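This report describes selected contacts and backbone features of a predicted model. The sequence and structure are shown first.

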Amino acid sequence: MLLNQFLLLAAILFCIGVYGVIARRNAVMVLMSVELILNAVNINLVAFGQLHDVTFGHVFALFVIAVAAAEVGVGLALVIMIYRNKRSVDLDQVDLMKG
Amino acid sequence: MSFVSSVFSSVGATIAQAAPDQFGEFVRPNIDWFAISPELVLLAVGALLTIVDIMLLERGKALAPSLAGLGLLAPLVPITLLALDDAGTRTFFKGAAGGAYVVDDYSLVLKAMFLLGAYIVVLISTNDIAEGDYWESEYYSMLVASVLGMVMMSSARDLISVFVALELLSIPAYMLAAWKKRDARSHEAGMKYYLMGVFASAILLYGMSILFGLTGSTVLTEIAASDAVATNTPLMTLAVVFIVVGFGFKVSAVPFHTWAPDTYQGAPLPITAFLAVSSKAAGFVGLMTMIFVGLLGQADAWEPLLWVLAAATMTVGNLIALRQTNVVRLLAYSGVAQAGFMLAPFAVGGTNPGDAVEAIVVYLLIYTAMNLGAFAVVITLARKTGSAELSSLGGGFQYAPGLTVALTIFMFALAGIPPLGGWFAKFEVFRVVVADQSLGAIALAVIMALNSVIALYYYARIASQAWFNDAPDGDNSPVPVPPSLRSAVFICAVLTVLFGVLPQTVGRFGELAGNIAGI
């Protein structure tokens, strides 16, 4: 099986996602980067599930998808709340507290 | 009932007729309802809170705190019955070795701790949430949902159930941190906590997916028994590092602690107490389960990593705490430093995991009592002064002598002064670390000793502020203490003193927890 390709794709997605979380300052872009990491995880899980010929991987991926949806729901609500306050979703402006 | 079962069996028969090769007769899985009754009761309480809110509207708000409080205590009944039951460990979804969801002494002790801790959080919340600018009924449903996640985390012994429990306890907590409707600081607290939290769980998940790929199983005991965990491969080490880092965010270990002070300062104060105590404890429970049940064979990989994390966490947390002027931020950094002490037994846990678990659980139990107490006192005093600055504590002894004594008890307990609870927590950790006798362990013990001394300075500074300074605004009118806050402070103070004077009480629970199934 061409397992390597899947793992490579997942690793690349993971790296792009981590880069996005660290480098992007727009809250929505950060959320999308987190989604990239989660999808890298899903690719990994399904590929490994196929490799071992067990269903756990697929089941795990389903759980990840469902939980990610719940997470993003909460995240977008928070982004909207901040947008209403500041008219901006720039994370650099979310800096009332320091130290 | 017979009607329902006949409908189900006829449906099953129809499906079986339609495709006889694929579907046999439907067999109901054999579920041990008694073992999961604490979770079921908690779930029912959460549903009841929502229903009461919908049905009674405004009138329901007054009921919510007492309903939530009683509802959090109710699962203690089945937990006690389960603890007294002789049937031993109960396992769900059994695999070749162990199961995905386990009810053993370890999980029962931790469930009781989470429920009592959450009960005290409800006591702390009652007045603050009723008077502030909050959605009140939803607050308690969210709190109960988060506690349900923690209770599940105590029993989770599988990558999937650990992950689901972690998210169930985190997602309501993100919302609770941003619960102040029109306060930009609270929004910022929620946003920072959320971004760090989802990033951490994504990293954790990536580690879990590699772990699953190497071992071919999600059940932790099967992972522990697999060949992949016994051999050191770079990929395995990567999985271990990602998993430790993922939980490192949750327990606010340095260098993943940056969210903690901002979130604690901005969130509603009762939620700060909840995050600093229960949520952190849940992170430790998840880390303990993953490390000691699943990855014991990889001790060579995680012992040095957690050594560095423990040393860095307690040192950095303490040094930054020294120059804080806001009590809540100070308690946040002190919580970071305390997390360093709780990480220390991990650094030597590879040789004797049972003892390490015992020390960590004892620390968690005592930490819950003393830190919740500290927050309860700070919240009560902040009701009068309206500020959480260190200088606002001045004059405390003149207008609230009882609270000041309680504050002193909690601060000296956090510093680890006998005969208050904290000394036994630190003693247990020292005992486990020194028993290892390796050079690294001795070095860690020395770092811990130095940090205990540094910590005493800023804990004493908080207490002395209340004892010896005058009120900054000269207002010495007595502080109103609502009954729920009074009982929260009282319960925490009694437990803190009891655990210190009679350490065998909490030690017994630690011993029980040390018998974690699977190691």
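Leaving aside neighbours within four places in sequence, Phe199(B) is in contact with Val21(A) and Val34(A), where contact means that C-beta atoms placed from the backbone lie within 7 Å. Phe199(B) belongs to helix α8 of chain B; helices are DSSP runs of H or I with at least four residues, numbered from the N terminus. Phe199(B) counts as buried because 22 C-beta neighbours lie inside 10 Å; the cut-offs are 20 or more other C-beta atoms within 10 Å for buried, 12 or fewer for exposed, and partly exposed in between. Gly246(B) is 47 residues from Phe199(B) along the chain, and their C-alpha atoms are separated by 8.3 Å.

The model is predicted: local features need pLDDT of at least 70 and side-chain atom pairs pLDDT 80 or more, while totals for chains, interfaces and linings use all residues. Residues are numbered from 1 along each chain as its sequence is written, and chains are lettered from A and ligands numbered from 1 in the order in which they are written.

The contact between the chains takes 33 residues from chain B and 32 residues from chain A. On the side of chain B that touches chain A, the elements giving two or more residues are α7 (159–177), α8 (184–215) and α12 (259–266) of chain B. The largest share of that side, 17 residues, comes from α8(B). By class, the side of chain B that touches chain A has 19 nonpolar, 9 polar and 5 charged residues; Ala, Val, Leu, Ile, Met, Phe, Trp, Tyr, Cys and Pro count as nonpolar, Asp, Glu, Lys and Arg as charged, and the others, Gly among them, as polar.

Within chain B, the axes of α7(B) and α8(B) come within 9 Å and cross at roughly 175 degrees, the axes being lines fitted to C-alpha atoms over the stretch in contact, with angles from 0 to 180 degrees between N-to-C directions. Therefore α7(B) is roughly antiparallel to α8(B), a term for angles over 145 degrees. Residues of this contact include Phe163(B) and Tyr174(B) of α7(B) and Tyr193(B) and Leu205(B) of α8(B).

Two peptide bonds of chain B are cis, as tabulated below.

| Peptide bond | Omega |
|---|---|
| Val254(B) to Pro255(B) | cis, near 10 degrees |
| Pro418(B) to Pro419(B) | cis, near 5 degrees |

Pro255(B) is placed in the loop between α11 (234–250) and α12 of chain B, and Pro419(B) in the loop between α18 (401–415) and α19 (422–436) of chain B.

Technical notes: Two residues are in contact if their C-beta atoms, placed from the backbone, lie within 7 Å. Angles under 35 degrees count as roughly parallel, over 145 as roughly antiparallel, 65 to 115 as roughly perpendicular and the rest as oblique.
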